[in-house]
Amino acid sequence: MSNDEILPQEILTDILSRLPVKSLFRFKSVSPSWNSLISGSEFVKTHLNRTKKTNYAEQKIIIITSSSTSYNLHSIDFACVNPTIVTVDLPDSSSEIKVLSSCEGLLLVNRYDDSNFLLNPSTRECRELPPFPFALPRANVYGVGYDSLTDDYKVVIFSYFGTPYSAEHDTIIVAVYSLKTNAWRRIQGSHNYVLQGTSCGVFVNGRLHFLCRRNESYVIVAFDLSEESFKELQLPALFGTDGSLYYYRAAVLGGCLCLVDQRYRKTEFWMMKEYEVRESWLKFTIGMPELYTVDLLCMLAEDEFLLKNWFRIQKLVVYSSKKETLRDMVVRGFPAKFRFGSTYVESLVSPNHGGGIGRQ
């Protein structure tokens, strides 16, 4: 009796879509029909949508370590009872790297020579992007997101003549890379936004978001990936009244657009609980004890935040806003020194063909 006769495909799809990527790769060898099902674009989307609906702990983080000869990416899975660190293979580990942005399991990674590639750390598949043909000398700001209208993953770049933190620019170029066409295309029009704080865009609600300065005012600029147009979102009414805007960055926490201020022993952030509703901005403060210097990395639960403490010894700590307590996050094989890369969710999305499954 074949597997298809044991279970209807709808039930089989429902069961398999709940499994981690590593298990799905093993199950591809069960039969040709399982291989075809798991490798199909519809199953990839079903698996991704189910993963995105799970709790905070299903997300993973990427950290970066370095030695005298190599740079490495490592993944940490908090869904495990005993979290462990797993090294993610790179096509070239000799160049300095940084993670610029992430979307639906894909990481946009930049090398020191200014080349970029899309990487799925779950499937270990990557794709180098073609050189950006419109680059100005020499500041570039990136973001990666998903266009649901064309079922395409896109990379957006702001290219500046100078530095994005300068008050004056002769030229700003905005361009879009399409995974489907494997090509860059310049967005026409006048663009006078000066990026503030973060060097990468964050993907929420079909748009990439950047904290920007325009003339003397600050705005959140949302780039719609389907319409390929800009829209401004209103900041919180009292945002930046103390002159601290320089320290803020855009972020995503619990699926919501956020503005995070990280200075010394106090971390503050604003969360837009209802998208595009200015009145829904809420302010949160995470108080730190003396000798703590932290970065806010992600949310692990409704009232738990993962922080990086980098005073003397770098380590991960969990802050409970409900209990107002701190505890160390113990991760087997955790390095003594690291840089935060990004958060991501497990997915089967392939950077090489947009929907199919990669390799492990």
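Which side chain meets E228 in a salt bridge? Select E228 and K154: their side chains meet in a salt bridge, 3.0 Å from N to O (a side-chain nitrogen of Lys or Arg within 4 Å of a carboxyl oxygen of Asp or Glu). E228 lies in the loop between β15 (217-224) and β16 (229-233) and K154 in strand β9 (residues 152-161), so this pair ties together parts that are 74 residues apart in sequence. Strands here are DSSP E runs of at least two residues and helices are H or I runs of at least four, numbered from the N terminus. Both E228 and K154 are buried (under 20% relative accessible area; exposed is over 50%, partly exposed in between; 1.4 Å probe, protein chains only).

The model is predicted: local features need pLDDT of at least 70 and side-chain atom pairs count only at pLDDT 80 or more, while totals for chains, interfaces and linings use all residues. Residues are numbered from 1 along each chain as its sequence is written, and side-chain values use heavy atoms, with hydrogens and water left out.

The structure holds 15 salt bridges. Next, select R207 and D224, whose side chains meet in another of these at 3.8 Å, N to O. R207 is in strand β14 (residues 207-214) and D224 in strand β15, 17 residues apart. R207 and D224 are both buried.

Move to D14 and R18, a salt bridge with its closest N and O atoms 3.2 Å apart. D14 is partly exposed at 30% relative accessible area, and R18 is exposed at 53%.

Now the rings. There are ten aromatic pairs in the structure (rings of Phe, Tyr and Trp, the last by its six-membered ring, with centres within 6.5 Å; planes under 30 degrees apart are stacked, over 60 edge-to-face, the rest tilted). Select Y146 and Y153: the ring centres are 4.7 Å apart and the planes at 45°, so the pair is tilted. Y146 is buried at 17% relative accessibility, and Y153 is buried at 5%. F158, F210, F223 and F230 form one aromatic cluster.

Finally, show the largest nonpolar core, which has 50 residues (buried Ala, Val, Leu, Ile, Met, Phe, Trp, Tyr and Cys joined through side-chain atoms within 4.5 Å). Residues with the most contacts inside this core include Y153, F158 and W184. Apart from it lies another core of 17 residues, among them L253, M271, Y292 and M299.
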